[in-house]
Structures are given as structure tokens and as C-alpha cells.
Amino acid sequence: MTQTSLDRPTPEQPSSPRRSGGVFDASSERSLESLALGVGAISFVLVALVSLIVFQFQAAPISGPGSVGQFAAIASGVVTFLAVIAGRFVVHRHEGGQRLRVLDYVDVAALAFAHGVIALLGWTLLAVILEQAFIGATVFALPVLLLAGATAAMSGYIAFYSATHMDLQLLAVVLAVFLVFGVLASMLTASDPDWWKDNLSALGMSSNVSAFAFNITIIVAGFLVTTLARYSTRGIPTANPKGIGRVRVTLIVLGLFLGMVGLFPVDRFFALHTGVASGMVAAFGVLVIALPKWITGISRAFVVLGWLFLGVTLLLAVFFFIGYYTLTAVELVAGILVFTWIVLFIRNAAALQQDSRPQPISAH
């Protein structure tokens, strides 16, 4: 994979002067790989030393409170968060070190948080699975240090690589994985086992950790959608001069509404919560219906797929109103369809941008 970033130049945007050399050299794939390995090595040493202090060279359980799994997951989350920030700093220097705006800092913070949560929940889930495979087993003192350091090293390496190779399609994958992990974790830790009988938003109604995890997941996902909206619509060719701006604004509105779904829990802000959730669906409907006029070159297959997704969403809503489906089922399926559409839109937008670029003439 070649080095790319969310700020890479488009055909309408000239390249920025690039810097190379020094400790933060990002002028080649070999340099980036060396930096990623360095992040991994530093993470291994630091986390292993911290685990030595925490566990005092004693055996520990695989998962649960005071376990090596819990420690490794938390340490990996912190390492991942910092590695993403470091990776974006390296890319920023390589792109010329131009002055960052407030939204740029928000984007990096949301991206780092999403990676950190994925690492935290991913290692936690793996520890729980391993505990079920090795029932009653404990981890000896030396393996505790090695396992904690190794998980942190792997997390730091992957996070730094992701941050320095971040493009729109990878960002879409990060958004999807983050959203799935966050909502799934909230489901598994919900204090009310019958939450699903009400609606998906019931996960965010209480004041415990489960509700906080759900709400913060939705809020950060909203930030990531607005980030995708700003970057994915750059340089898309269209015969409608105002079309790209309208697509961008509608996607940003969708992301803001999604974030407000988590910001305003349904039990405390019922009317506002319901309004922004409905507005999110309405924004999606506007995008699907108006997209062929706004982006004239978009493929017919994608337009038809959007209509199909919208039709299924409306049909499920009808099933809910006649009492055939629960609201939870409607929200889950509709959410999956909307985010699938967003990911596919990014891929189609990237294809249009690629086709619009002048192709080099090969000599025969």
C-alpha cells in the first residue's frame, strides 16, 4: 500500500511541500515501517514495566477484575490512542506542517478514540474467550509481563500504521468496526436484560458504564461521519456545480443528528431524541433520492441499491407501526443499511475521483 492520508492532494488541490529526514521521516514506506516498529518496541517495554509494578511479578487470572486480560486491554487502548495521534503528527509534518484548524484536532481526537476503543474491547473480548477455553487457569508471572507487552506492541504498531496510511475507505472500516464494538459491548453489559423489548436507545438510558459506552460510541461515530462527509466529497466530478456542496451538507447533518442521538438520551430528552433520530432517517432519504441529480456520474447500480435500502427501512417502519416488528429490530436493520450505504458511497465516490484523473500516456 502506498502512503496516503485524508489530506492527500486532489486534482484541484496542488501538493504541499513535503519534509523528510530526521526522526519523524515519512518520505518512504521503509521509513514508516521503521517508525511503526519503533512505536511497537517502545510500547512493549513501557507496558511490560508498568505491568511489573501493577502485578508485582505475581500470577494473574486471564480475564475479569485484576486480570492480565483487563490490564492488557486498558494498556493497549491507551497505547493505541497515543499511537494514532503520533501517526497523524508524522503525516502532518510530511504534508508540510500547515496550520491545523479546530475541526482537524476534533477529527484526530475522534479517530484516536475510535482506535483506542476498538483495541480495548477487542482484547477484552479475546481474554473472555480464552478464559472459557482455559477454565480455572492462571497466567504465571513472566508470561503476564510478556503478554501485556506483546498486546500493547501489536496495538501500537497497527494503530500507527493505520494512522499513517489513513484514507477514506480505511476510515469507513474504522467507523463500522468501532460502532459494532461499542454497541455490542453496551448490549453485553446492560444492567437491564430486557432492554431489547423497548428500543435500541434504551441502552443509553441508565447512568451506569453500559449507558455511557453506548452514548459515547454514538457521539464519536457522529463525529467520524462528519469527517467522512468533508473528505469523501472532495474532487468528485459532477455536472451540477452545487451538487457536491449539498451532498456534503446532508452527510454532515446526518452525522450531527447521529451524534445528538447519543448526546440526548431518550429517557431524559424524549422529544429531542426522537426528533434527531427521525431527522437522521430523513437526511438519509434526501441523499438517496437527490443523489443522481447532485452527483450526475454516480452509477445506476448504486442509486438502485440506495432506493432498495430506503424501501426496506420504510417497510420495517410500517411493520413496527402495525405491531409486527419491535422497534429494536427496526433500528438495528435500519442502522446497518444506512452505514452500509455510507461505506459504499465512499467507494463509489473514490471510483469517480479516480476515473476523473488524467491517465498517464504509456509509450509503445
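Student: Which residues have the most contacts inside the largest nonpolar core?
Tutor: This is a predicted model, where local features need pLDDT of at least 70, side-chain atom pairs count only at pLDDT 80 or more, and totals for chains, interfaces and linings use all residues. Residues are numbered from 1 along each chain as its sequence is written, and side-chain values use heavy atoms, leaving out hydrogens and water. A nonpolar core is a set of buried Ala, Val, Leu, Ile, Met, Phe, Trp, Tyr and Cys residues joined through side-chain atoms within 4.5 Å, where buried means under 20% relative accessible area with a 1.4 Å probe, protein chains only. The core has 69 residues, and those with the most contacts inside it are Leu254, Ile295, Trp341 and Phe345.

Student: Is His273 buried or exposed?
Tutor: His273 is found in helix α8, residues 270–294; helices are DSSP runs (H or I, at least four residues), numbered from the N terminus. Its relative accessibility is 5%, so His273 counts as buried.

Student: At what angle do α3 and α5 pack?
Tutor: Axes are lines fitted to C-alpha atoms over the stretch in contact (heavy atoms within 4.5 Å), and angles run from 0 to 180 degrees between N-to-C directions. Helix α3, residues 102–133, has its axis 9 Å from that of α5, and the two pack at an angle of about 50°.

Note on methods:
Buried means under 20% relative accessible area, exposed over 50%, partly exposed in between (1.4 Å probe, protein chains only).
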